[in-house]
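Reader: Could you show me how to read helix packing and buried cores in a model like this one?

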Amino acid sequence: MAPITEVEGRRLALSNLEKVLYPATGFTKAEALHYYATVADVLLPHLRERPVSFLRYPDGPDGQVFFTKNVPPGTPEWVTTAEVPRTEGPARMVLVQDLPSLMWAANLVTEFHTHQWLIGDPGHADRIVFDLDPGAPATIVQCCEVAVWLRERLAADGIEAYAKTSGSKGLHLLAAVRGSSSERVSEYAKELAVEAEKAMPRLVLHRMTRSLRPGKVFVDWSQNAARKTTATPYTLRAQAEPLVSAPVTWDEVEGCRAPDPMLIRAPDIAPRLRDYGDLLAPLLDAGHAGRLP
């Protein structure tokens, strides 16, 4: 029988705590739950009011990996859900609003993926995201070079960008925006991706064409579409090791000369939070949101 624990007055059954989720390091489910409890104060603000898609990997990254977008069967009644507009008709999705909901979701063994809009105003984006994805032999080193160019280009339009690792091979660039639909933000992001390709044709692609990918960085602007989601800051990823989609400083981005220092694992996050706090906190401040030209 799964042990029962109480989190802020909510009773949770936490299962299979000794299961090794990351065989490369021996990182267990109990350690994953402890990680989420430790980072809840910085993770929850990036989850609140955003419908969550769960990328589940209950038997580790080598087992079955699958998306759950609708409210999962057995969801406790105290977990907040909301109706979300979709082209095929509305659906209900989970909102992770508090620590009990976070720990319930983490017990599913999942990545957290969120939209670039809030449930109260799904017609308007409050974030813009660029997913920088390297095609081998390119690595995150080349992603960092592209990120610096995009940061400067966004700054020219009065938009301040922040970076986080994807938790895999690449880098995510995010900025707070206001006053625009997801469609307009997608158009603007594509415009900048095309500009980046013109400025750095040997390094950048704005199209997903596989045959063109080797040695280049694909600037994926399409994740700004209202239906798309991106890995939430601080989520664990379904990789061989417990890698995290972790905020990084611009000094780290500009100084990136090798991929390894940008592989940030769950045990690294607490010391980074002590040193830097939440590097993406400005995204949560409406005063930092820029308007698209």
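Reader: Why do α1 and α2 count as oblique to each other?

Author: Angles under 35 degrees are roughly parallel, over 145 roughly antiparallel, 65 to 115 roughly perpendicular, and the rest oblique. Here the axes of α1 and helix α2 (residues 99-107) cross at roughly 135 degrees and come within 9 Å, so the two helices are oblique to each other. Axes are lines fitted to C-alpha atoms, for helices over the stretch in contact, with angles from 0 to 180 degrees between N-to-C directions. Helices (H or I, at least four residues) and strands (E, at least two) are DSSP runs numbered from the N terminus.

Before we go on: this is a predicted model, where local features need pLDDT of at least 70, side-chain atom pairs need 80 or more, and totals for chains, interfaces and linings use all residues. Residues are numbered from 1 along each chain as its sequence is written, and side-chain values use heavy atoms, leaving out hydrogens and water.

Reader: Which residues of α1 meet α2?

Author: Contact means heavy atoms within 4.5 Å. On the α1 side, Lys29, Leu33, Tyr36, Ala37, Ala40, Leu43, Leu44 and Leu47 take part, meeting Leu99, Leu102, Met103, Ala106 and Asn107 in α2.

Reader: And how do α3 and α4 pack?

Author: Helix α3 (residues 140-156) and helix α4 (residues 182-199) have axes 11 Å apart, at an angle of about 125 degrees, so they are oblique too. From α3, Trp149, Leu150, Arg153 and Leu154 meet Tyr188, Leu192, Glu195, Ala196 and Ala199 of α4.

Reader: Which residues touch the most other members of the largest nonpolar core?

Author: Nonpolar side chains tend to be buried together in soluble globular proteins. A nonpolar core is a set of buried Ala, Val, Leu, Ile, Met, Phe, Trp, Tyr and Cys residues joined through side-chain atoms within 4.5 Å. In this 77-residue core, the answer is Tyr36, Phe130, Leu132 and Leu236. Helix α1 (residues 29-47) gives the most to this core, with ten residues. A second, separate core has seven residues, including Leu174 and Leu283. As for Tyr36, beyond four places in sequence its contacts include Phe112, Tyr234 and Leu236.

Reader: Is Leu95 buried or exposed?

Author: Buried means under 20% relative accessible area, exposed over 50%, partly exposed in between (1.4 Å probe, protein chains only). Leu95 has 4% relative accessibility, so it counts as buried. Leu95 sits in strand β8 (residues 91-95), and beyond four places in sequence its contacts include Pro51, Val79 and Ile119.
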